[in-house]
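Please load the model in your viewer and keep the selection tool at hand. The tour below goes from one stop to the next.

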Amino acid sequence: MRSKSNTMIHRTFSFVLFALLVTFSLAAQSGVPLKERYQFQSDQGALDYYSARLEPYYGEVAARLPELPATTDVPAVVVSADSVDSGGKSSLDVIDRVGGRSGRFADWHDGVEWVEWRFDVAEPGVYEIDLDYYLTAGGSNAAVRSLIVDGSVPFLEAYKVSFYRFYRDVSEPKINNIGDEVRPRQAELSGWRTETLRDSVGMYDLPFQFFFDRGEHTIRLTYVDQDMIFGNLTVRPAVRVPIYAEVEAEYDRRGHRSAAGVLRVQSESAVLEKNDPTLRRESDGDPETEPAAAGYRRLNVMGAWRWRTGQQAITWSFTVPEDGLYKIGVRVANYWGDGLPSYRQIAIDGKVPFQELESYKFVYSRKWRVETLADSRGEPYLFYLSAGEHTLTMTVKMGELADLIYSINDDVLLLSRVLRQIIMITGSDPDPNYLYELDKQIPDLLDNFSYLRDQMQWKVDVLTEVSTKRPAVANNFLTIKSQLDKALGNPDRIHRRVNDLTNAQTSLGSWYLAMQERPLMIDYFLIGGAEEHFKQDRSNFFQRFVATVRNLLISFRKDYDSVGSVYEADETEDSTLINVWISRGTEWAEIIKEMADETFTAETGIMVNMNVLPPSQLNAGAVNALMLAITSGRAPDVACGVIATSPVEFAIREAVLDLTQFDGYDEVASRFLPRITQPFKYRGGVYGVPETMDFRALFYRKDIIQDLGIRLPDAWEDVYTRVLPVLYQNGMDFYYAVPTELGAIDHNYAPFLYQAGGDFYTEDGSRSALDTPEAYQAFKEYCELYTGYGLPIIANFYNRMRTGEIPIGIGTYGDYMRLSVAAPELAGRWGIYKFPGHRRADGTIDRTVGGIALEADVILAGTEHPEEAWEYLKWWTSAETQERFGRELEALIGPEARWNTANVEAFQRLPWKKEDLEIIRSTWKWARDMPVVLGGYFTGRHIVNAWNRVVMSAQTSVLKRQARARVLVRDSLEQAVKDINRELRQKQEEYGVRSSILDE
């Protein structure tokens, strides 16, 4: 025992002595990871934590407003468009006539940063603000502005005020030759609108209301997205919407009587307009749904899952035969939400008739039902309608869930701040055996945990009250509550529960997004007299059984692999038929097929059959459907969506055509970035055209980077000297993806190689060019990101951006979409910047990146109609087609389906954020794709192996304290070059290509 004790003392003394020596020589030891040099040196008391919610919610402001009068004689204040102030690089254009209306109007384009109205209020009180606006057709996004009142932002929701576009189907659905209905095109309805300023996510039933004292005031709107033309701004006194009892008493006073008869209005065919193009006819197979599907796709309902986000509105028109009181029934289904209700604001002729319809509740049910609009006792609401045409508008609202949704957002922000405080003390990988005393170092830590625990219980109580059954989200809140109870019970172990807290934050962020989805599906409306009976049209077991058997029988003769109309060769004697295979989802293919039938076939006479296959079935390198089709002589004419490295692999085997032989190739190639076709070139030919492309940029958390005082880096030198020290002082990390074998090239090594002036292969593609000094220097710097600067080898960038552990790093298009769609709690708190580069001798920064082309389109060599196939590719890759497809896709599926088209012109027309598009465009100047050569499919693997030998051996040497365990960068790269050249030579010999490689 004494021997062991002495040994332990000796080791402890040695370690302390070593630590002192390291401390004194730290500045000179460049081999020590930078992360270890700066970790745990933050001054906790000096940090001023960012508060993501600097302004109150509108609900908090509205609660302090005085009670509204039922009527008022205070006049409205009207400010004309030609009496406003504006600021920016250009001024407003004043015009006299727009959209059939004459007057004084202002054209507000993106060069004008803000517009300000000044007005005088004669009487103090609560006011609402209306703005007349006109949106020119052609866009797909609503115009968005931020609001400033009397020089300050009044509440959080003022940062986004939307002015919507409106749409309508141009025709009734058509039936294709397999019996399914095809969705009609949508057209934008141009015209003047009046929008009362309100929130953009449906949290509040009423528009924004403002208390103005007597005197002068200002309203300023700041440009965010989309140009618009505006007319008068009206500031009018707000009045209270009556309750139903008051409306009913007015009916009695006026002697209104019940009407007779029942009117049935089909929801899918009576749509007058909608403010979101994603709202489209849907199909439902219930036997009682009208018209019945009968085994085929019938677009027989409206709404469903796409009608789920706040402020989405649909307006229907209907005509009643006589004056009188009517009740309204809706055949409705709400089987989403796991027990949670959906809410709709219901307006008749553009006006909500009474308060009870400001946010009407449709309870959760797994069955269709006819619901008569009624009060909590089941007494139907009656509506007075005069004979003639009327409109009914339903708008998505959050209803009773609004406060809960906002509380989740607050909890996410608070938990994010708590995690940042913890990580700044413990680092991203805390020692489980160290006593950090977090409850003492973070004074409000336990109070915050207690608050969050109580909030979880309050949320469960609210959900239990409004739901028909306990939803899964309630159980999730209880789990988080239990975890917080454990943390409060043992504060010394809080650092061991960081993963639980991180998972809780991720879970809350997901539920914050999910709780704002309130879908509803409508089959038809019943509008009838007060005494009329509305039948409950519910299908029974026998009807559903018959429908199931019918569907089964139809499935034996219906082609589910093809999309839309399917043509046979003998049907196309007067025209040419080509077959196109697509590696996309069915909804993607349906849009393309509809567009092809409508425009391409109509213009060229070339008919198209379209089949959908999984992405892996169209790539080279493995046995799949396309490879088997090629060998059996049954390949399609065109394949779309093949991975970018596949066209050359097919060309080597003479399976695809050289596209430069076709007329108009140069014009088609000019549609893309200049060097994006490099992966498709082989022995003087080009064997594909790009379909989609990637981008690489610096992603960063605006709030954290601002707090830390970090200036965004332009060069990698800035990352090493300015960014990493500050991050490591605060227990945070920088992200750069580790090498992955993606096709033939490692895309993460490519920027360093190209910026150093190197290349992957010699000019003729016969040998690896990684044996040059430039390639060595690039590979050394790439490896030192992890061996010298301590970047994490394993990290989920998306999750750690959300938690704040990694507030800055390099990301791609995929990261952009994940943060845009699946991280709502970070809205407005992250951005992108230019890819870091290397400073040249002349002071400019080389930002070259590789790996831009993602997918390509090819023409198969076995086609009997090469010219027709080329015409299809010319049509498909055109700016007009790509833009329309991108907009249709996003309209159908949502922003998560943003189309990253390779057509430069179309890419810029799609609804990207203006500031983000500028950054993406700046990367195009430096885009350079990598070549694909014979035998090059192993290049990426050997680069990954070389990186692993260097970085993993460095990790091992640290763990084992053995310097000899390290593998030198030069040795590892030279071994990779030998392996790459060996594979290149073997394939060149196999295919009879003369090799210039010397025997080694």
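Leaving aside its neighbours within four places in sequence, which residues is Y872 in contact with? Select Y872 and, with those neighbours left out, you will find it in contact (heavy atoms within 4.5 Å) with I578, V580, I592, F600, V608, M610, V638 and C640.

A note before moving on: this is a predicted model, in which local features need pLDDT of at least 70 and side-chain atom pairs count only at pLDDT 80 or more, while totals for chains, interfaces and linings use all residues. Residues are numbered from 1 along each chain as its sequence is written, and side-chain values use heavy atoms, with hydrogens and water left out.

Now widen the view to the largest nonpolar core, which has 142 residues and in which F734 and Y872 have the most contacts; such a core is a set of buried Ala, Val, Leu, Ile, Met, Phe, Trp, Tyr and Cys residues joined through side-chain atoms within 4.5 Å, where buried means under 20% relative accessible area with a 1.4 Å probe, protein chains only. Select residues 773–787 next, since this is helix 18, which gives the most to this core, with eight residues (helices are DSSP runs of H or I, at least four residues, and strands runs of E, at least two, numbered from the N terminus).

Go on to I652 in helix 13 (residues 646–652), which counts as buried because its relative accessibility is 9%. Leaving aside neighbours within four places in sequence, I652 is in contact with Y682, L934 and Y991.

Finally, select T315 in strand 21 (residues 313–320), whose side chain makes a polar contact with the side chain of T393 at 2.8 Å; a polar contact is a pair of N or O atoms within 3.5 Å, and within protein one must be able to donate a hydrogen and the other to accept it, with residues adjacent in sequence counting only if both atoms are side-chain atoms.

Conventions:
Buried < 20%, exposed > 50% of the residue type's maximum accessible area, 1.4 Å probe, protein only.
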